[in-house]
Amino acid sequence: MGIFRKQKCLYAVCNGRSTNISEIPDEALAGGMLGIGFAMEPTDGAFCSPADGRVESVAETGHAYTIHTDEGLDVLVHIGVDTVGLHGEGFEPLVQGGQKVRAGTPLARVNIEFIKSKGLPAMTAVLVTNP
């Protein structure tokens, strides 16, 4: 007889290269102050949910999304570094707070080239804030 546990799995939130969170050029994100996880260097502007769950919050600027997964994890998807200063320009949220999502549900469309044209990294953090 064995004990079986439901595996907790997060999927990539965009097309691109996944990397260690420590590579994000932001001390709070890279240092684990907001949670543990991974980073993605996006190749296009399509961002989706990393798991099944419920959208808890969408930043007014469209750069950050919090999802409470069906397994009880709180996951922050933070698109870009210092992108809050863009005041929503280049971000099109596709979900709203309270909405149920499945892994792969589109969260946002983002103009990655616009972010880069402003001298900001598009590297995205996917963090579990309640590990």
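What pattern does the chain follow, read along the sequence?

## Fold layout

The pattern is β-α-β-β-β-β-β-β-β-β-α-β. That gives 10 strands and 2 helices. The model is a predicted one.

Contacts reach across the sequence. Among those with a separation of 6 or more, 69% join residues 24 or more positions apart.

## Size and packing

The chain has 131 residues, and a compact globule of that length would have a radius of gyration near 14 Å. The chain has 14 Å, so the two agree. The C-alpha trace spans about 60 × 30 × 25 Å along its principal axes.

Of the 131 residues, 41% count as buried.

## Surface and charge

The accessible surface of the chain is about 7,100 Å². Carbon and sulfur atoms hold 50% of that area.

The chain carries 15 negative side chains and 10 positive ones. The centres of these two sets are 8 Å apart.

## The loop between β6 and β7

Most residues other than glycine have a negative phi. Which backbone angles are positive here? Asp-82 is not a glycine, yet its phi is positive, at about 60°. Asp-82 sits in the loop between β6 (74-78) and β7 (91-93).

His-87 is also placed in the loop between β6 and β7. Phi of His-87 is positive too, near 55°. Is His-87 buried or exposed? Its relative accessibility is 67%. The cut-off for exposed is over 50%, so His-87 counts as exposed.

Terms used: Residues are numbered from 1 along each chain as its sequence is written. This is a predicted model: local features need pLDDT of at least 70, side-chain atom pairs count only at pLDDT 80 or more; totals for chains, interfaces and linings use all residues. Side-chain values use heavy atoms; hydrogens and water are left out. Helices (H or I, at least four residues) and strands (E, at least two) are DSSP runs, numbered from the N terminus. The radius of gyration is taken over C-alpha atoms; the globule rule is 2.2 Å times the number of residues to the power 0.38. Buried means under 20% relative accessible area, exposed over 50%, partly exposed in between (1.4 Å probe, protein chains only). Contact means heavy atoms within 4.5 Å. Accessible areas come from the Shrake-Rupley method with a 1.4 Å probe; for residues, only the protein chains shown count as cover. Lys and Arg count as positive and Asp and Glu as negative; His and the chain ends are not counted. The place of a charge is taken as NZ of Lys, CZ of Arg, CG of Asp or CD of Glu.
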